[in-house]
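Morning, everyone. Please get the sequence and the model up on the screen.

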Amino acid sequence: MMSRSARVACALAALALLVPTTGCRAEGTPEPSPNDPSSMTLVEQPKEYDGTDVTFIGEVVGEAMKRGDMAWLHINDDPYYLMNVEEGAQLGGYNSGMAVWLDAELTEKITYYGDYKHEGDVVEVAGVFNAACPEHGGDMDIHARSLEMVRVGHVVIDPVHPWKIAWAIGLSLVAAGVGALTRLSRDHPIDARR
Amino acid sequence: MLLRPRLEDHLVIGKYTGKIIIGVGLLMVVPLLTSVVLAEWDTVLDFVISVAACLIFGFGTQLLCRTERDLSWSHGMVVASGSWIVATVLGALPHWLSGHEGSYLDAMFDVMSGYTTTGLYLLQDLDHISYGLNMWRHLLTYAGGQGIVVVALTFLFKGAAGAYTAYVGEGKDERLLPNVIQTARAIWLVSLTWLVVGAAALTITGMVLGQEPLRAVLHGLWVFMGAWSTGGFAPQSYNTLYYHSLGYELVTIVIMIAGSFNFALHWAVWTGNRKELVKNVEMISFAVTLSLTVLIATFALAKAGVYPDAMTLFRKAFYQLASGHTTTGFSTLYSRAFVTQWGPIGLMATTIAMAVGASACSTGGGIKGIRVGVISKALLQDIRRAVSPERAVITAKIHHIKDVVLGDGVVRSAMFITIAYLSLYGLTAIVGTLYGYDFLQSAFEGVSAASNTGLSCGVTSPSMPAVMKVLYILAMWLGRLEFMSVFALGGHLLSMVRGRG
């Protein structure tokens, strides 16, 4: 038979497990990929699409990494390609996309690359999908011939939440108070009085 | 008979746990300042709240647990394992407040993954998170690689003799120097030297590859932290595939292999004993098992005709296997490509490499090279005994910093921890299978979590069952702390409930 304290401990443990599974942002219907095949399909069925022509639409993220006359782009067709989490998009899983190798001049059309402060441009590229590119160390990529702008991105302003300001001030004051009390009482051990 | 802990026991555990949590709070100042400099004001508030919460807990326990007593052996073990849990709960605040986590459990998963240098994550829309949060993710893994107790030992423990027990409880047992606090500082000296050199090398490479200076510096720093700590976190969702560069891959290979070495080996080389690099049992074990697993994977991939030529095949196989064996978790493949391109044998070879893992007293996880070396030597010793005359005295030695004669105690200890790891690997694989995942994929992912590697074949995702998330958190924690201190914490909790006063 479990003691009362053991039962209380079990109940608290169960509660501790339940509470963290609740989210701070509800999951909704994520934005579907605009592509057929999508990046997920290409990764799942690389053999079927290897060497075929594909058109691929998505948000440009990170930066263009120029290598001479050519450049690397990373284009995401994930649930955040139109609106990211900082703008209030519903959580819809991991990012997913494709690495694209193309003429560096084509990247001049791009204004915004997706990151914390930007929703990147949505572009459409057309080219050949490589399941294991012989030119690029076996990387899975698309060698694009063209790049068209679908939608210009924008600056994202993640607003400062007033409730966070209140919590930050409140908790900082409490921390300072507890810190001061600790300093005042550190020469008086509890167990020394016993 | 279990004895119920006395008030003094709770006080000393509370006091030192509090010190470690203050250390975690102070660590958060780095991402906070990053966000201030880059004007990420909402993230700044996330970190102010989180720092304050850590300080309230830390100072609060200092206030409530005032004691002059030093840590005993069991206290140290409980402090080491318990503080990792508290540090995970509080360290998850910035993740959760960012809005990129599906639940607080997911946030705790990511933080435990960071501290334990695993590298699996549930954070969503990684490509749009703030620089501050990215700094926190990588700092977690860098600090966790050295050990959060080591962080506290370095800065916050003043001359506590019993601190050694907390250090051991964190899965490290090498004394590089006679004093444990000097040892902790020596670990930091080695790590910070590598940080400067490694981050500079990656930054320069990044700029050559076409990154802007600020991004090259930050990516260089973070990828270094991910590599050195064998953590495997990277700033972009593409992981190291993002860089499409043999140069970047080579630099990360050097750093992650160095990070997987025993700190005692680093210290030996640091102090001039370079021969240790070729004599050390862990180096030999690592070379043998890495070669074997690369060979198996290469054979399977060549047979399947996945890659167009031998050089490409070797580059891909060596990178993933070196990453798996050092328990780093960097990858130049899409996660699902392990299944859709590498197939069952590739998955198995990577799983074996991850299961064996890195060196003891390093930033890495897994069974560890030294145990594989000890068990292999003991097995050879038994075979030699069996074929030798009855009166022959057969002894075996291993070389780890000095020659060590293999006694029964050493072998039993290595076997015990190895069996514990294998049981944990088995449990995570079985639970995944029961939830409907393919057995090989469950084994891959479970071993990846329990060996603190972080390679994924797609099982880990925000939508996976909460029970599996909890199991992986526990597996990462147990794997990183190498069981003993977690068992000590379990014993402590049991004695609180069932012990006699």
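Which residues of α15(B) meet α16(B)? They are B:T289, B:L290, B:T293, B:V294, B:A297, B:T298, B:L301 and B:A302. Facing them in α16(B) are B:L313, B:F314, B:A317, B:F318, B:L321, B:A322 and B:H325. By class, this contact has 11 nonpolar residues, four polar and no charged ones. Contact means that the C-beta atoms of two residues, placed from the backbone, lie within 7 Å. For the classes, Ala, Val, Leu, Ile, Met, Phe, Trp, Tyr, Cys and Pro are nonpolar; Asp, Glu, Lys and Arg are charged; the others, Gly among them, are polar.

A word on ground rules. This is a predicted model, where local features need pLDDT of at least 70 and side-chain atom pairs count only at pLDDT 80 or more, while totals for chains, interfaces and linings use all residues. Residues are numbered from 1 along each chain as its sequence is written, and chains are lettered from A and ligands numbered from 1 in the order in which they are written. Helices (H or I, at least four residues) and strands (E, at least two) are DSSP runs, numbered from the N terminus.

Next, α20 of chain B, residues 439-450. Buried means 20 or more other C-beta atoms within 10 Å of a residue's own, exposed means 12 or fewer, and partly exposed is in between, with C-beta atoms placed from the backbone. Among the buried ones are B:F444, B:E445 and B:V447. The buried residues of α20(B) pack against α17, α19 and α21 (466-481) of chain B. From first C-alpha to last, α20(B) reaches 16 Å, close to the 16 Å expected at 1.5 Å a residue. The expected span is 1.5 Å times one less than the number of residues. Just after α20(B), B:N452 takes a positive phi of about 60 degrees.

Now α18(B), residues 369-387. Its 19 residues should span 27 Å, and the end C-alpha atoms are 27 Å apart, which agrees. The buried residues of α18(B) include B:I370, B:R371 and B:V372.

B:C361 has one of about 50 degrees, and is not a glycine. B:C361 sits in the loop between α17 and α18 of chain B. With 23 C-beta neighbours inside 10 Å, B:C361 counts as buried. B:I401, also not a glycine, has a positive phi of about 70 degrees. B:I401 is in the loop between β1 and β2 (402-405) of chain B. B:I401 is partly exposed, with 17 other C-beta atoms within 10 Å.

On to chain A. It has four helices and seven strands. Of its 194 residues, 39% are buried. There is a cis peptide bond between A:D36 and A:P37, with omega about 10 degrees. A:P37 is in the loop between α1 and α2 of chain A.

Last, the interface. How many residues does each chain give to the contact? Chain A gives 66 and chain B gives 68. On the chain A side, the largest share, 13 residues, comes from α4(A). By class, that side has 32 nonpolar, 21 polar and 13 charged residues.
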